[in-house]
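My entries follow the order in which I went through the structure.

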Amino acid sequence: MPGGNGRLVEEGEGFADDRSVRAAVAGIRAYWLRVEADTAARRELVDFLVEQLSGRDDTMPQTQTTEPMRIRYAALSDQGTVRAENQDAAYAGPRLFAVADGFGARGEMASSTAIDMLRTIDAVEAGDLLNVLQDTVDRAHRAVGEIGEESGTTLTAMLWTGSELGLVHIGDSRAYLLRDGRFFQITHDHTLVQSMLDEGRITPQEAESHPQRTLLVQALGGSETSPEPELRVTDVQAGDRYLLCTDGISRSVAAGEIRDVLAGTEDPADAVRGLIELATSAGGADNAACVVASIE
Ligand code: MG
């Protein structure tokens, strides 16, 4: 946590009175809560992956790991019942899955521009995946920035090279993984409220009703600062089900319900329809977009 350490050193300079000591103590406590929150969020996923990897050699026939994987997918976006236009975009193709949630007067163009930029990626060499995604995000940030009128977009996407799945994420859209019946959120929201939660300054209950819960700390376009996306190569297993969705789904449909649709619907096209229906029956207050991809 280089950022956390840096802040502590500054706060530690020149304790003048009890107040600055108390501030330093609060700073250390906030830092430690952040470390604990980060660790806890990853612990369950790591335990699960270790368990899976340990069991794999004994229980899985060799052919399952060498056969080429097939991916079935579907994408759907919906205006909802309240908004005047649909600024959410969703795309799924043989190599790319993406959702984007545009904002500002030209948010619809912002979200489609971001996804179009990812669609320009040609075949990616093994080992080059993260560089390609970072370069594309930088280009998308500039292209969305040129749209102007303080418009911007979130972007959560996965790129499949045939052997690797790369994840890129900026903003508060989300990626989830359903593996062997267990359901994980595999992205971290880039929101002010999530940062406050990570720092232990608010509780999960307070986060849910916080007046600034939709305020983004990172997005494409909308600011001069280049975004620092979450970027990684994820391990892929036969049977995995990935969901990418905008907050029109994750904020209006309970995680358990989302999980049940993913687990209980065989065809990805039925799953995306089911998720949009749940968002609509919850009021459809926001645009909603989702992609479901099944690894077979
Ligand atoms: Mg939204």
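Predicted model: local features only at pLDDT ≥ 70, side-chain atom pairs only at ≥ 80, totals over all residues.

I then traced an open sheet of five strands, which pair in the antiparallel sense and come in the order 1-12-11-7-8. Strand 1 (71-78) and strand 8 (182-185) are the edge strands, since each of them pairs on one side only. I also looked up the twist, which averages 15 degrees from one strand to the next.

Entry two, one end of the order. I found that strand 7, residues 174-179, is joined to strand 8 by four bridges, and that this pairing is antiparallel. Across this pair, Arg 179 stands opposite Arg 182 in strand 8.

Which strands does helix 9 lie across? I found that helix 9 (residues 255-264) lies across strand 7, strand 8, strand 11 (241-245) and strand 12 (288-295), and that it runs at about 55 degrees to strand 7. Helix 10 (residues 268-281) also packs on the sheet, where it touches strand 1, strand 11 and strand 12, and its direction makes about 25 degrees with that of strand 1.

Entry four, a hairpin. I saw that strand 2 and strand 3 form a hairpin with three residues between them, and that five bridges join these antiparallel strands. Within the pair, Asp 88 stands opposite Asp 101 in strand 3.

Entry five, burial. Are the residues of strand 2 (88-92) buried or exposed? I found five of its five residues buried, with Asp 88, Ala 90 and Ala 92 on one side and Ala 89 and Tyr 91 on the other, so that both faces are covered. I reminded myself that side chains in a regular strand alternate between the two faces of the sheet.

How values were computed:
Residues numbered from 1 in each chain as written. Pairing = 2+ DSSP bridges. Helix = DSSP H or I, 4+ residues; strand = E, 2+ residues; numbered from the N terminus. Axes fitted to C-alpha atoms, helices over the stretch in contact; angles between N-to-C directions. Contact = placed C-beta atoms within 7 Å. Buried ≥ 20, exposed ≤ 12 C-beta atoms within 10 Å, placed from the backbone.
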